[in-house]
Amino acid sequence: MSRKIFFLLGFATLVGFSAIGAVIIEKVLDKPFLSIFEQITPWYFQALSGIIYGLLTSWVAWQIIKSSLLTPVRGFFAELIQDLHLTNYEIVFISFCACVGEEILFRGAIQPLLGIWITAILFIALHGYINPFNWRLSIYGIVMCFFIAGLGYMYEHIGLISAISAHFIIDVVLLKALI
């Protein structure tokens with residue numbers, strides 16, 4: 001995948017997923033779009049909770065993916081990421097696009113319809129982490145499913161900013177670890 005396509009996909013994730021989420025929230029859930037940002041807890045508590053959760057889960061995920069059992073999986077992801085020669089700025093950009101667009105769509109729009117666990121499984125499956133032909137990747141996907149369900153619980157009990165913050169940190173840390 002070229003860098004240009006990678007960045008277009010990032011931008012499409014930010015705008016497209018947010019727009020799809022907004023339509024589902026407004027038309028299917030019959031709620032104002034901005035209601036997903038209503039504060040359950042103060043924004044700074046949400047952000048801090050997300051940062052802490054993101055740091056903890058990304059550390060655990062990295063420990064798992066760098067294990068000898070998952071060496072082929074780590075090699076696959078590392079090659080994919082390293083071929084893009086991403087700068088720190090680009091990692092932040094891609095992570096921002098993914099965390100905002102995906103959390104609006106999955107937590108704000110899909111989760112109220114399907115629940116936390118089905119949404120987490122769908123999220124992981126769409127990211128390609130569940131693969132019946134690659135059991136090592138599926139092990140990583142199952143672990144990540146629990147972490148993503150954690151984002152769902154954060155959204156419901158703390159607020160959307162917590163899930164967005166955690167997702168952002170997870171993406172930044174894991175992308176940096178892979179380059």
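The model is predicted: local features require pLDDT of at least 70 and side-chain atom pairs count only at pLDDT 80 or more, whereas totals for chains, interfaces and linings use all residues. Residues are numbered from 1 along each chain as its sequence is written, and side-chain values use heavy atoms, with hydrogens and water left out.

Begin with the largest nonpolar core, which has 55 residues. Such a core is a set of buried (under 20% relative accessible area, 1.4 Å probe, protein chains only) Ala, Val, Leu, Ile, Met, Phe, Trp, Tyr and Cys residues joined through side-chain atoms within 4.5 Å. Select Ile36, Phe77, Leu86, Ile124, Tyr140, Met144 and Leu151, the residues with the most contacts inside this core.

Next, centre on Ile124. Beyond residues up to four places away in sequence, Ile124 touches (heavy atoms within 4.5 Å) Tyr129, Ile130, Gly141, Met144, Cys145 and Ile148.

Proceed to Tyr53 in helix 2 (residues 43–65); helices are DSSP runs of H or I, at least four residues, numbered from the N terminus. Leaving aside neighbours within four places in sequence, the contacts of Tyr53 include Phe146, Gly150, Leu151 and Ala166. Display also the backbone oxygen of Phe147, which the side chain of Tyr53 reaches at 2.7 Å. Ile169 is 116 residues from Tyr53 in sequence, yet their C-alpha atoms are 8.6 Å apart.

Finally, select Glu26 in helix 1. With a relative accessible area of 38%, Glu26 is partly exposed, a class lying between under 20% and over 50%. A polar atom of the Glu26 side chain lies 2.7 Å from the backbone nitrogen of Phe33.

Technical notes. Helix = DSSP H or I, 4+ residues; strand = E, 2+ residues; numbered from the N terminus. Polar contact = N/O pair within 3.5 Å; in protein donor to acceptor, adjacent residues only side chain to side chain.
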